[in-house]
Amino acid sequence: MSDADDITILLGEAASRSPEAIDRLLRLVRDELRLRAARQIDHIGTPDSIEPTALVHEVYLRLFGSGRELDWKNRQHFFMAATRAMHDVLVERARAAVAEKRGGGKRPLSLTTDPVTKGHAERFLELDDALGLLERLRPDRAAVVRLRFYGGFTIQEISELTGMSERTVSREWTVARIWLKTELGDDPTQQTKFTDF
Amino acid sequence: MPGRIPEIMFERLALLIDAEESERDDLITRFGLSEDEESTLRGLIRDAAEPSEFDLGVAGMFPTLLGGSEPRLSGFTIKEELGRGGMGVVYLASDETLHRDVAIKFIRAGAGTEAEARLLAEARTVARLDHPKIVPVHQFGSEGDRVFIVSAYIEGQTLRDHLEGVRRSANMPLDSTEPLPANSPVNSRIRLIWTLKLVRDLCDAMAHSHRAGIVHRDLKPSNILLKEGDRPYITDFGIAVCGSTGDPITQVGGTPRYMAPEQSGDIDAPITPSSDVFALGVVLYELLTLRQPPQKAHAESRASSITADDWADPRRLNPAIPVELAQLARTACAVTPTDRFQDAGEMLAALDRVLAGPLTPPGLSLARVRWWIGRHRVIAAAAFTAIAVGAAAALVPILSAPSSRGGVRLTDPSTQILTISAFDGPARSLGTQIPIRSGSRRVELPRGRYRITVGTNAGVHELTRQIVAGQTVEIELAEFFGGPALASQPSQMVLIPGGDYVVGSPQSPLDETKPAAVTIQSFLIDRFEVTNAEYRRFVRATGSSPPVLWGNEYDPVLDPLPVVGISQADARAYAEWVGKRLPTDAEWEIAAGGLDRRAYPWGNDPEILKTVQASSAMPAVAIDPSVDPDAWDLYLAGVHASGDLQAAGPDCTPEGVYDLAGNVAEWTDSVLAPLGPATSGEFGIAKGNAFRMMASVPHRNQLLLVANADDRVLGIGFRCAATVSTQN
């Protein structure tokens with residue numbers, strides 16, 4: 001993936017705040033993020049496709065917003081940060097949706113106008129809590145989940161990014177999946193229904 | 001609820017995933033686990049092999065969080081997502097024209113013409129079916145680049161979710177191999193009734209499908225919806241067609257456990273209606289044991305000494321199950337298709353035969369099951385809606401009472417006890433009168449139910465009280481109406497002369513309602529059923545809780561109509577408040593049969609009332625009015641004003657008692673013994689017919705419905721009676 005290689009080079013230059021490098025990096029990252037979001041969406045195939053622009057923009061703002069340190073050491077580091085940013089934006093959205101439902105807090109500035117389905121937000125936050133616990137217990141396992149779940153990276157890509165073997169990544173993902181399911185109580189009444197058809 | 005799974009288990013799981021499949025058993029042995037731990041670990045391995053929703057990624061699990069929009073469809077407002085799978089997404093939507101909720105299943109954009117053809121095939125399949133327990137399809141259509149099915153929306157949970165809940169409350173995980181204890185709530189008669197009614201409904205629906213030449217091929221608890229936790233609806237027809245084409249994504253979240261061996265490829269045989277019978281058998285097995293038959297046991301059974309149908313014997317996991325039911329499940333789950341019932345109709349007939357015959361062990365009498373399911377098909381629905389709650393409550397042991405005796409005490413000094421009659425157990429009429437001292441104000445009694453007659457300066461009151469061991473019931477008459485209520489409306493009551501009568505039906509399988517000679521005192525009974533207006537005065541004066549049907553704002557249109565949605569206890573309280581009481585089962589029956597012992601209030605011809613009521617188009621299916629969301633409409637359409645002689649038509653005894661056969665069902669003062677550990681307290685007996693509840697007209701001696709005395713059942717109202725006092 002030549003763009004990705006470019007990113008690595010540009011990251012180095014961006015760290016020195018070369019204006020052209022930053023500009024090119026921004027465009028590349030934006031495309032990369034959009035591609036990534038689109039890939040996930042394509043995977044599930046909702047009838048109305050998700051328009052990821054707003055989300056990508058939020059993630060982007062978080063990565064490059066004013067006052068942010070552009071000090072990613074390499075491509076891996078950058079993707080970790082991007083995944084983390086994606087995660088943070090979603091947590092913020094989910095909290096806002098829950099707060100709004102409870103009639104409390106104001107909705108923070110958001111570029112999306114579609115209401116967040118209530119069950120989604122609550123269950124997302126539960127999942128996030130569980131993931132926080134996993135992070136303390138098994139940081140390596142949690143990292144795989146973050147890249148796979150929030151970043152939409154394939155097993156192969158995660159293997160490249162983390163240096164773990166594909167077999168290890170695959171195993172860690174399987175174990176983490178079950179761990180999360182157990183941790184979430186697997187209460188069918190609480191769960192986003194996943195009917196088998 | 002089982003405790004948290006220790007982290008070490010997940011590390012063991014990781015080791016097992018890395019190991020070759022052939023090494024796993026050996027590895028597990030070396031872990032040196034307890035039986036429980038091993039079963040937990042094996043459960044985790046099974047889960048690991050299943051696809052997971054986490055594979056969909058954050059965008060798949062939480063599309064709206066990523067800014068995904070719900071689909072739009074002209075004519076419908078999409079409300080929320082109900083579920084999703086490999087093939088598409090199901091949404092709850094509101095039909096903007098017809099103002100009703102519907103379920104819309106979309107297939108994913110670009111899923112291909114093959115997928116579209118399958119969806120169309122499914123719609124056409126279901127369109128050929130017309131059965132109250134099969135979710136009907138309203139419409140098939142396409143808009144833009146997607147196709148969709150619009151079908152009825154059934155609010156409730158799936159049978160799978162229900163079973164999960166029961167497993168949790170019974171503390172019996174799916175992978176446990178422990179037998180269920182005989183005193184488990186699952187073995188209560190009330191639960192057994194629920195199970196059999198459910199399975200009977202499923203067989204009935206599938207028999208309809210098989211008659212239409214349609215094999216479901218994917219019958220399983222997640223495809224069975226329980227409306228209000230009770231009425232089953234079969235859904236997802238034609239999906240298995242997708243599965244058989246080998247499309248792997250249709251297996252997402254699925255489980256092969258309900259699949260017949262010819263479907264899973266374990267045996268070489270064509271898929272026929274008996275493949276659905278296998279699935280019905282597994283569902284029955286799971287309802288009876290809370291577990292599923294051993295996976296792949298049919299394949300193993302050929303290699304081992306276990307006989308083909310032995311593996312599917314639910315008595316291995318629940319020895320308390322009647323042998324006949326266990327045999328039914330075994331036959332349905334037979335490995336060889338020709339050993340099974342050939343279709344659901346055959347299974348239904350076998351189930352009905354089981355219900356009609358003696359059961360083993362005989363101690364577990366299913367007389368009531370047969371009575372309700374076989375004859376009336378009207379179940380005390382309220383008793384089942386909270387089955388999980390009831391099950392949990394039943395786990396609390398009943399403490400032995402400090403004393404087997406209790407008593408009554410009067411608080412008003414001007415009151416004295418005149419008579420006390422035992423009215424215990426499965427009482428249809430009063431028992432022996434207990435001798436008491438004249439002028440008594442305090443009497444000690446063994447636990448039981450009594451009719452207590454007390455006298456005041458103002459008159460005589462008849463009260464029915466349950467004496468629990470070690471408790472004294474205090475009677476305060478201040479809460480009562482106080483006046484000689486009987487005298488105030490003499491024309492509204494009819495005198496039924498006392499004497500010797502035979503009540504009960506020879507067809508009754510219940511000992512309690514077999515023909516029996518009773519001697520009764522003369523009594524008065526209301527001509528008409530108690531109205532909402534009358535009941536409202538009582539609610540206002542006493543602060544009792546109003547019937548559910550009234551809603552938040554009482555509508556005066558209800559005034560002249562008979563009150564419903566009250567419990568037997570409510571009815572009793574009202575009767576006492578107006579200085580009356582409820583009629584006993586025997587008294588009600590004598591009143592309904594007229595003094596010339598006719599079968600129906602108007603005579604002996606059951607057809608007469610039907611001809612009068614034909615215009616109201618009663619459906620020939622039993623409904624559970626206590627849980628039906630359309631209850632209000634059904635009620636308004638089905639009842640007439642109490643006292644409307646024209647509407648009552650022939651439903652009038654020669655003595656002038658109206659609406660005993662029709663209008664609403666009526667509570668009597670009588671009770672049956674508790675049915676099982678899942679039920680608290682006793683069961684009240686109601687008689688007569690409720691609006692649209694039964695297609696046939698009840699014979700005077702038929703028992704309509706038995707429900708917990710505290711359950712507010714929507715089809716049941718009441719009328720009052722009073723003993724003709726010999727004191728005056």
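In the predicted model, I155(A), Q156(A), I158(A) and S159(A) of helix α7(A) meet E166(A), V169(A), S170(A) and W173(A) of helix α8(A), a contact being a pair of C-beta atoms, placed from the backbone, within 7 Å. By class, this contact comprises four nonpolar, three polar and one charged residues (Ala, Val, Leu, Ile, Met, Phe, Trp, Tyr, Cys and Pro count as nonpolar, Asp, Glu, Lys and Arg as charged, and the others, Gly among them, as polar). The axes of α7 (residues 155–162) and α8 (residues 166–183) of chain A come within 8 Å and cross at roughly 115°; axes are lines fitted to C-alpha atoms over the stretch in contact, with angles from 0 to 180 degrees between N-to-C directions. The two helices α7(A) and α8(A) are therefore roughly perpendicular (65 to 115 degrees).

Chain B contains 23 helices and 24 strands, defined as DSSP runs of H or I over at least four residues and of E over at least two, numbered from the N terminus. Of its 728 residues, 47% are buried (20 or more other C-beta atoms within 10 Å of the residue's own, C-beta atoms being placed from the backbone).

Strands β7 (residues 224–227) and β8 (residues 231–234) of chain B pair in the antiparallel sense over four bridges; pairing requires at least two DSSP bridges. L226(B) stands opposite P232(B) in β8(B). From β8(B), R231(B) and Y233(B) point one way, P232(B) and I234(B) the other, and all are buried.

Residues are numbered from 1 along each chain as its sequence is written, with chains lettered from A and ligands numbered from 1 in the order in which they are written. Local features need pLDDT of at least 70 and side-chain atom pairs count only at pLDDT 80 or more, whereas totals for chains, interfaces and linings use all residues.

Definitions and conventions:
A residue is buried if 20 or more other C-beta atoms lie within 10 Å of its own, exposed if 12 or fewer, and partly exposed in between; C-beta atoms are placed from the backbone. Angles under 35 degrees count as roughly parallel, over 145 as roughly antiparallel, 65 to 115 as roughly perpendicular and the rest as oblique. Two residues are in contact if their C-beta atoms, placed from the backbone, lie within 7 Å.
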